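The sequence and the model are shown first, and selected local features follow.

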Amino acid sequence: MKIVYCSIIIFSVMAALCACNLGPEFSRAELQRKMSQEKKTWQDTSDTGKSSAPVRTDWWKQFQDPLLDQLIHEALSNNIDLKIRLARLQESGLSLKENKAGSLPRISSSANASFFRREYVQEAPDILQNQSQVEEKKEESVTSDSEYYNTGLSVSWEMDLWGKKKKNYLATKASYEESKAQYRAECLRVISEIAGTYFDIRKKDREKHILQQLHEENMERISIYENQHREGLVPEWKVLRQKNEADDMQRELKDLEQSRRRQENKMAILLGKPPGEFAIPDTKDTNPPERIQVPPGLPSDLLAARPDIIAAEYRVEKAYHRIGEAQANRLPSISLSGQGGFASGSLSTLLRQWTLGFTPDINFPVFDGGASNTG
């Protein structure tokens with residue numbers, strides 16, 4: 001009983017210390033305050049006004065182009081890089097659930113039955129009246145059967161002294177939020193590249209249409225010059241110069257077609273399709289896209305909404321928590337484990353014989369080769 005009382009006293013003292021956390025605490029407000037003091041030269045005191053309207057997250061829909069909306073929707077569903085980022089986000093979410101479950105007590109149950117049969121040879125006792133008349137001893141085979149049954153529960157829990165598990169959970173949560181921000185950043189990148197490639201294709205279609213009109217006019221001019229040359233009205237060099245201009249336009253048209261094809265292949269990769277098997281119809285006859293009106297005086301808070309900046313902030317937060325976790329690894333840890341159940345050599349008497357055990361475990365790190373050295 002003295003051992004039990006001493007254990008209770010030790011655990012009470014250790015539990016009072018559980019509220020102590022090691023390592024620096026991450027505070028976004030404090031970090032922003034330090035940054036604002038160091039970057040005062042970035043501030044602009046001029047009155048730029050306030051934003052007239054919030055920035056839309058689906059900004060591409062303001063172009064009112066159904067084909068662009070369809071391409072972006074397809075890219076968000078089939079882009080390979082987005083699928084990879086989504087898988088990493090799901091992996092990070094599962095790690096967060098696993099980490100949260102690790103801070104709770106573990107309870108497991110077990111039940112087993114064992115059967116043994118032993119067979120051995122035993123020498124028979126001498127029951128002979130005249131031993132001198134017997135030259136050989138008698139032997140007999142003996143079989144022994146035994147059985148054993150047990151069932152019970154076991155509980156184990158490591159006390160979160162110094163906030164080590166809490167720091168580990170917060171670091172894992174920051175990593176999960178970082179993965180979410182990286183996924184949003186990848187979505188923004190894919191949408192921007194889809195929109196840029198699409199408008200580049202529309203631009204090339206427009207240029208191709210203009211060049212084709214100029215080429216047709218040039219061919220008509222060549223025909224006129226040839227007729228005039230046959231009548232002796234213009235010299236031959238004028239006809240040759242016009243043909244040379246027509247050849248230059250023909251080469252420009254081929255270059256435009258090749259450049260457009262490369263943009264289509266880029267678009268196919270963004271859509272998760274094999275290059276060479278995807279084509280965008282000619283857009284020269286479509287209406288020009290609507291222009292997006294950028295509101296004046298965009299607030300500086302818009303910069304903090306960038307996904308890459310948000311991901312960098314969560315990386316800083318994760319580093320703060322990892323420092324505290326590493327410092328807590330250098331301090332003692334206490335684990336509690338208990339077992340209880342029933343055991344018997346007969347199934348009929350299983351519930352009559354029970355066992356109960358409680359085991360505290362204190363671990364003092366002595367030498368780890370510098371693994372927990374935080375500087």
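## Glu325 in helix H8

Glu325 lies in helix H8 (residues 307-328); helices (H or I, at least four residues) and strands (E, at least two) are DSSP runs, numbered from the N terminus. Glu325 is buried, with a relative accessible area of 15%. Here buried means under 20% relative accessible area, exposed over 50%, and partly exposed in between (1.4 Å probe, protein chains only). Leaving aside residues up to four places away in sequence, Glu325 touches Lys164, Lys167 and Asn168, where a contact means heavy atoms within 4.5 Å.

## Basis of the model

The model is predicted: local features need pLDDT of at least 70, side-chain atom pairs count only at pLDDT 80 or more, and totals for chains, interfaces and linings use all residues. Residues are numbered from 1 along each chain as its sequence is written, and side-chain values use heavy atoms, with hydrogens and water left out.

## Positive phi angles in loops

Most residues other than glycine have a negative phi. Gln64, which is not a glycine, has a positive phi near 55°. Gln64 sits in the loop between helix H2 (28-38) and helix H3 (66-78). With a relative accessible area of 59%, Gln64 is exposed.

Trp162 is also not a glycine, and its phi is positive at about 65°. The loop that holds Trp162 runs between strand E2 (139-158) and helix H5 (164-230). Trp162 is buried, at a relative accessible area of 14%.

## Helix H6 and the residue after it

Helix H6 (residues 236-270) has 35 residues, which at 1.5 Å a residue should span 51 Å. The expected span is 1.5 Å times one less than the number of residues in a helix. The end C-alpha atoms of H6 are 52 Å apart, in agreement with that expectation. Just after H6, Gly272 adopts a positive phi of about 75°.

## Aromatic pairs

Four aromatic pairs are present in the structure. Among them, Trp59 and Phe63 form an edge-to-face pair, with 6.5 Å from centre to centre and 80° between the planes. Rings of Phe, Tyr and Trp (its six-membered ring) pair if their centres lie within 6.5 Å; planes under 30 degrees apart count as stacked, over 60 as edge-to-face and the rest as tilted.

Trp59 is partly exposed, at 24% relative accessibility, whereas Phe63 is buried, with a relative accessible area of 15%. Ring pairs join Trp59, Trp60, Phe63, Tyr198 and Phe199 into a cluster.
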